[in-house]
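Visitor: Hi! I'm new to this one and would like a friendly tour. Could you put it up on the screen?

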Amino acid sequence: MSQPPDPSIDLAKILIAHSNSLRDQSLGGLLAPTPQAAPPQPGLGALGIFAAQHAPAPAPGLGLGALSIFAAQQTPASVPGLGLLDGLPLASIMATNALNAPTAADRKWIHLIARFEAFLGNLRLTPNQFTDGQKKFAGVVSCLNNAYYGHNSSTANAFFIGSWAKDTQVRPPRDVDLYFVLPYEVYVRYEGYASSLNKQSALLQEVKGKLAATYGATEIRGDGPVVLAGFWSYDLEIVPAFKLQEDRAYWVCDTKNGGSYMTTKPLHEVDHIRWADGRTSGNARNLVRMLKAWQAECSVPIKSFYLELLAIEFLDQSEWKNNDLFYYDWICRDFFKWMIGKAGSFVIAPGTYQTLWLGDGWKSRAESAYGRALKACEQETKNRMTEAGDEWQKIFGADIPRYV
């Protein structure tokens, strides 16, 4: 025989749901200062509204407690879809809650949306900066196409990688990264050289020379798998590559230990963050941009790519992953707490599935950021605009505003 439901369990569930809904109620107050009646929904709010609507006007001299008891007495023993009522205490609590809804004076977190909206706006490239980066890309690609393919196309045989491909660029501008796909004949030519020659290093020097012929006044050097062209506004990192038959795979130069080629799949990285952004309501890219601001402000010794992979992994398990700007304080706070636990572990590169060790040199900075985020969240709850702003700026710098 089935056992009757335990009313204490139902009560616990409802109180937890009520606690979690307080922030949503505050957001509702911010977005709609004049509350309008809404259809009852299953759960705490619906039951509170039901009790309030079915209770008569209070008799003269009766206080809130009397009204809530009266409403409870007039409420049916059960309401379809609610599965909660079976006694006076629970109904009484819900009727009281309905009559004690937050007022304008009770609203919390009133500065959050404006603060993080301004922060993200400050991180985005200006139209002039974006255009400048595209022009630098076009110029370098045209130069290399002329040298290796005999035409001046500014787009053929090349594509953005890194933040410019993933739409995670931040201000002030950082590097513009691109792959330039060399003809197969170039690979064959270098394979014919003596085995004692570091072919990959020699290839980078050749590409460097082609660029230097056009950009004589620009500092150009070969370093690792890239040729770096240092312009006044941007550094361009050009990766000479050979396309492989494998799905969107490329060989790039590794000059260490006598030289070799290593397989890369940069477009799989682009897919990885695009898909993550889609399943987190646009929060993945935003979190990556904010973490880059933290990295720059606090000199965090970790690669941006690793932060990107950590941000995606964190959001996939976060209960706030699909929430909007109103929850960004909690998203930041919870990320730093979670990141601390990743010290000494690893992330996996999309496409190649290479294990990337994180180390722990950044751990103390993550701990500091978490402590400051805790303080900032507390101040945001109390609507202390400047105090919260001071704590956020210790993490992210001046791009997150103190005043909103």
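Visitor: Thanks! What percentage of the 404 residues of the chain count as buried?

Guide: Of the 404 residues, 44% count as buried. Buried means under 20% relative accessible area, exposed means over 50%, and partly exposed lies in between (1.4 Å probe, protein chains only). Please keep in mind that this is a predicted model, where local features need pLDDT of at least 70, side-chain atom pairs count only at pLDDT 80 or more, and totals for chains, interfaces and linings use all residues. Residues are numbered from 1 along each chain as its sequence is written, and side-chain values use heavy atoms, with hydrogens and water left out.

Visitor: Good to know. How many helices and strands are in the chain?

Guide: The chain has 15 helices and nine strands. These are DSSP runs numbered from the N terminus: helices are H or I with at least four residues, strands are E with at least two.

Visitor: Let's pick a helix. Which residues of H8 are buried?

Guide: H8 spans residues 184-191, and Val186, Tyr187 and Tyr190 are buried there. They cover an arc of only 100° around the axis, which puts them on the same side of H8. The arc is taken from the directions from the helix axis to the C-beta atoms.

Visitor: Why would residues a few places apart point the same way?

Guide: An α-helix has 3.6 residues a turn, so residues three or four places apart point the same way.

Visitor: And what is on the other side of H8?

Guide: Tyr184 and Glu185 are on that other side, and they are exposed.

Visitor: New topic: where is lysine 256, and is it buried or exposed?

Guide: Lysine 256 is in the loop between E6 and E7. With 56% relative accessibility, lysine 256 counts as exposed. The C-alpha atoms of lysine 256 and serine 201 are separated by 8.8 Å, and these residues are 55 apart along the chain.

Visitor: What about contacts in the chain between residues at least 6 apart in sequence: what percentage join residues at least 24 apart?

Guide: That share is 61%.

Visitor: Now helix pairs. At what angle do H14 and H15 pack?

Guide: The angle is about 160°, and their axes are 8 Å apart. Axes are lines fitted to C-alpha atoms, for helices over the stretch in contact, and angles run from 0 to 180 degrees between N-to-C directions. H14 and H15 are therefore roughly antiparallel to each other. For reference, angles under 35 degrees count as roughly parallel, over 145 as roughly antiparallel, 65 to 115 as roughly perpendicular and the rest as oblique.

Visitor: Which residues make that contact?

Guide: On the H14 side they include Ala369, Arg372, Ala373 and Glu380, and on the H15 side Glu387, Ala388, Trp392 and Ile395 are among them. The contact of H14 with H15 divides into seven nonpolar, one polar and six charged residues. In that scheme Ala, Val, Leu, Ile, Met, Phe, Trp, Tyr, Cys and Pro are nonpolar, Asp, Glu, Lys and Arg are charged, and the others, Gly among them, are polar.

Visitor: What lies in the loop between H14 and H15?

Guide: Asparagine 383 is found in that loop, with H14 covering 363-381. Asparagine 383 has a positive phi of about 60° although it is not a glycine. Its relative accessible area is 22%, so asparagine 383 is partly exposed.

Visitor: How do H5 and H15 cross?

Guide: The axes of H5 (residues 112-123) and H15 (residues 385-396) come within 12 Å and cross at roughly 30°. That makes H5 roughly parallel to H15. Arg115, Phe116 and Phe119 of H5 make the contact with Met385, Ala388, Gly389, Trp392 and Phe396 of H15.

Visitor: And H5 with H13?

Guide: H5 and H13 (residues 328-340) pack at about 65°, their axes 9 Å apart. H5 and H13 are therefore roughly perpendicular to each other. Leu112, Phe116 and Leu120 in H5 meet Tyr328, Asp329 and Cys332 in H13.

Visitor: Last one: which peptide bond is cis?

Guide: The one from arginine 171 to proline 172, with omega near 0°. Proline 172 is in the loop between H7 (162-166) and E2 (176-181).

Key:
Contact means heavy atoms within 4.5 Å.
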